[in-house]
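This report describes selected features of one protein model.

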Amino acid sequence: MLRRPRVPASQVLDRVLVLEMVRVTEAAAVAASKWIGRGDNDAADAAAVEAMREALNELPFDGTVVIGEGERDEAPMLYIGEKVGSAQGTGPKINIALDPLEGTTLTAKAGPNALCVLTISEEGGLLNAPDTYMEKLAIGPGYPDGTIDLSKSVGHNIRSIAAAKGVEPNEIIACVLDRPRHEDIIAELRALGCGVKLISDGDVAGVIAVTDPDTSIDVYLGSGGAPEGVLAASALRCVGGQMQGRLVFRNDKEIARARRWGIEDLDRIYSLEDMAKSDCIFAATGVTDGSLLKGVHRRTNCLTTESIVMRASSGTVRRVWAEHHKWDD
């Protein structure tokens, strides 16, 4: 029997998968939404994972999860290396980075900015980031190349951003994850007179906020999950901006994990293009209301969702508001 030739991944990204990715994140968000405010992090995450996996397995591609819930012995579903899609061996090869529920605690506590997030790219298009921390530094579009440099101090970067923007350093607004490890960064920012927006969780949304003038956030900085760093980088690649990241290793186990993924230069600073190397599609759906997206709202006869989907090669950003009149509870 003759087999049809594989369709190049870039063509599939064009024709099929932009809005299909929204359907995947919508499914995860709707599933997670039943656990909003219920105080059960694990149940919320499990619901999002299962719904996202089912939706991915309906799509006509040969997909591999390169950033997921963890390695196979740590995650029963959507683990790194898991195969998804209905066209294994015949469809276009797609790499997938995902966070089925970015903000499990936010969901459990009904806090803001919980999202279901994923990125897809052609094979080899995304950095296989190990599940460690990553120092991150990100700004939005419109700045000259080289405005930020992760090897330099917080003060140096703030002054560089301010000079490029044509303002004084004390007019810069920074977004930082509210963690004890960031006390020195926060102190240095405030010593410069900067405004500091502290977020409790959700650093993908925090990085993306630098692209939205309505947030007034100029820069995101601090350390968070490396997988989330790649997801955020793919979003910036779609709309413009600059980002740098450097992996942070807390113990020998994390170093060994990185080396299993081929990472030998442990001090390397990764650029935006290192983390998101080629054309990609980024999609996110809100679970709880936030600065980027509204969350899932349950009405008498339907659910409503708000999503965003971006594509790097075309530079398009679509916001999708949907009513769901049939859903599984």
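## Helix packing, cysteines and an arginine

Helices H2 and H3 cross in a right-handed manner. The residues that form this contact comprise twelve nonpolar, one polar and no charged. The model is a predicted one.

In general, a pair of packed helices is described by the angle between the axes and by the distance between them. Helix H2 covers residues 17-33 and helix H3 covers residues 41-56; they pack at an angle of about 150°, and their axes are 8 Å apart. H2 is therefore roughly antiparallel to H3. On the H2 side, the residues in contact are Val24, Thr25, Ala27, Ala28, Ala31 and Ala32, and they meet Ala44, Ala47, Ala48, Ala51, Met52, Ala55 and Leu56 of H3.

The cysteines are considered next. A disulfide is a covalent bond that joins the sulfur atoms of two cysteines. Here the number of disulfides is zero.

| Cysteine | Closest cysteine sulfur | Sulfur distance |
|---|---|---|
| Cysteine 238 | Cysteine 280 | 4.2 Å |
| Cysteine 302 | Cysteine 116 | 18 Å |

A disulfide requires the sulfur atoms to be within 2.5 Å, and cysteine 238 is therefore too far from cysteine 280 for a bond. Cysteine 302 is likewise too far from cysteine 116. Cysteine 238 is buried, at 4% relative accessibility, and cysteine 302 is buried at 3%.

Arginine 159 belongs to helix H5, residues 154-165. Its relative accessibility is 46%, so arginine 159 counts as partly exposed. Arginine 159 touches Pro169 and Leu192, leaving aside residues up to four places away in sequence. The C-alpha atoms of arginine 159 and isoleucine 172 are separated by 9.0 Å, and the two residues are 13 residues apart along the chain.

Notes
Residues numbered from 1 in each chain as written. Predicted model: local features only at pLDDT ≥ 70, side-chain atom pairs only at ≥ 80, totals over all residues. Heavy atoms only, no water. Buried < 20%, exposed > 50% of the residue type's maximum accessible area, 1.4 Å probe, protein only. Helix = DSSP H or I, 4+ residues; strand = E, 2+ residues; numbered from the N terminus. Contact = heavy atoms within 4.5 Å. Axes fitted to C-alpha atoms, helices over the stretch in contact; angles between N-to-C directions. Parallel < 35°, antiparallel > 145°, perpendicular 65-115°, else oblique. Left-handed = near helix turned anticlockwise from the far one by under 90°. Nonpolar A, V, L, I, M, F, W, Y, C, P; charged D, E, K, R; others polar.
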